[in-house]
Amino acid sequence: MSYEKVFKLVIAGDGGVGKTSLTQKFITGIFKTDTRITIGVEFFIKDLTLDGLGTVRLQIWDFGGEERFRFLLPTYVKGANGIMFLFSVTNMLTLSHFDDWLPILRNYDPNIPIMLVGSKVDLAHLRRVQKHEAIDIARSRGCSSYVEVSAKESFNVEEAFETLTKVMWKYAQDKQY
Ligand code: G3D
Ligand code: MG
């Protein structure tokens, strides 16, 4: 497939929130139950055609959220066109940690599009973060949007990546002028 743009998309968030599962689901269409702990960073490619715009080659960097790899993040954020920050709606702490991540995520580009993503919404009985709370955080932190997903039940997976990619497209164009 030919593509018009190449975008670097970094997936960030605490360990265990479902970054690798979401990325795998998007790339392969399969929810794998044996995602081992991501060491450092894993790298994926997917071409995405946006209605009315064109085709984008997404370079997706699935970042290992474990504390001991955190020092690598600033390097990986360099040159990114957009960021997906995942937390689990079953764990308020993973959303609270967003504020610890933000300075690193915005270090090279204070205006970089960041999408806030609430994961594992299939676990409705374990939900601890309400949608309106997450929306408030997304707004007050200047995120481009808030989306809820389930990699397990294939809910909003494509939509999340498409929505962010459209914002990245617009942002990349605006920056040219
Ligand atoms: P990470 O890459 O952010 O560290 P993983 O997270 O993708 O490795 O997922 C961590 C655990 O959450 C995995 O379970 C995985 O199966 C589970 N998970 C990921 N996405 C979802 C989801 O949408 N719904 C549900 N119910 N679980 C999800 P294990 O048991 O392997 O630790
Ligand atoms: Mg992982």
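**Close-up views of a predicted model**

**View 1. The neighbours of Leu22.** Leu22 touches Met84, Leu86, Val149, Ala151, Val157 and Phe161, leaving aside residues up to four places away in sequence; contact here means heavy atoms within 4.5 Å. Residues are numbered from 1 along each chain as its sequence is written, while chains are lettered from A and ligands numbered from 1 in the order in which they are written. This is a predicted model, in which local features need pLDDT of at least 70, side-chain atom pairs count only at pLDDT 80 or more, and totals for chains, interfaces and linings use all residues; side-chain values use heavy atoms, with hydrogens and water left out.

**View 2. The whole chain, to get your bearings.** Six helices and six strands make up the secondary structure. They are DSSP runs numbered from the N terminus (helices are H or I with at least four residues, strands are E with at least two). Along the sequence they follow the pattern β-α-β-β-α-β-α-α-β-α-β-α. The chain has a radius of gyration of 15 Å, close to the 16 Å that the globule rule gives for 177 residues, so it is as compact as a globular protein of that length. That radius is taken over C-alpha atoms, and the rule is 2.2 Å times the number of residues to the power 0.38. The C-alpha trace spans about 45 × 35 × 30 Å along its principal axes. Of the 177 residues, 48% count as buried, where buried means under 20% relative accessible area, exposed over 50%, and partly exposed in between (1.4 Å probe, protein chains only). Among contacts with a separation of 6 or more, 73% join residues 24 or more positions apart.

**View 3. The largest nonpolar core.** A nonpolar core is a set of buried Ala, Val, Leu, Ile, Met, Phe, Trp, Tyr and Cys residues joined through side-chain atoms within 4.5 Å. The largest one has 26 residues, and Leu9, Leu22, Leu58, Ile60, Met84 and Phe161 touch the most other members. At least two residues of this core come from each of S1, helix H1 (19-28), strand S2 (41-50), S3, strand S4 (82-88), strand S5 (114-119) and H6. H6 gives the largest share, seven residues. A second, separate core of 25 residues includes Ile83, Leu105, Ile114 and Leu116.

**View 4. Rings that pair up.** The whole structure holds nine aromatic pairs. Rings of Phe, Tyr and Trp (its six-membered ring) pair if their centres lie within 6.5 Å; planes under 30 degrees apart are stacked, over 60 edge-to-face, and the rest tilted. Phe7 and Trp169 form an edge-to-face pair, 6.4 Å centre to centre with 85 degrees between the planes. Phe7 belongs to strand S1 (residues 5-12) and Trp169 to helix H6 (residues 157-176), so this pair ties together parts that are 162 residues apart in sequence. Both Phe7 and Trp169 are buried. Phe63 and Tyr76 have ring centres 6.2 Å apart and planes at 55 degrees, so their pair is tilted. Here strand S3 (residues 54-63) holds Phe63 and helix H2 (residues 73-77) holds Tyr76, so the parts tied together are 13 residues apart in sequence. Phe63 is buried, at 1% relative accessible area. Ring pairs also link Phe43, Trp61, Phe63, Tyr76, Phe85, Phe98 and Trp101 into a cluster.

**View 5. Lysines over rings.** A charge sits over a ring if NZ of Lys or CZ of Arg is within 6 Å of the ring centre and within 35 degrees of the ring normal. The charged end of Lys8 sits over the ring of Trp61, 4.1 Å from its centre. Likewise, the charged end of Lys46 sits over the ring of Phe26, 4.7 Å from its centre.

**View 6. Ile11 and its surroundings.** Ile11 is part of strand S1 and is buried, with 0% relative accessibility. Beyond residues up to four places away in sequence, Ile11 touches Lys19, Thr23, Ile60, Trp61, Asp62, Phe63, Met84, Leu86 and Phe161.

**View 7. Two loop residues with positive phi.** Lys120 is not a glycine, yet its phi is near 65 degrees. Look for Lys120 in the loop between S5 and helix H5 (131-140); it is partly exposed, at 28% relative accessible area. Ser154, also not a glycine, has a positive phi of about 55 degrees. Ser154 lies in the loop between strand S6 (145-148) and H6, and at 45% relative accessibility it counts as partly exposed.
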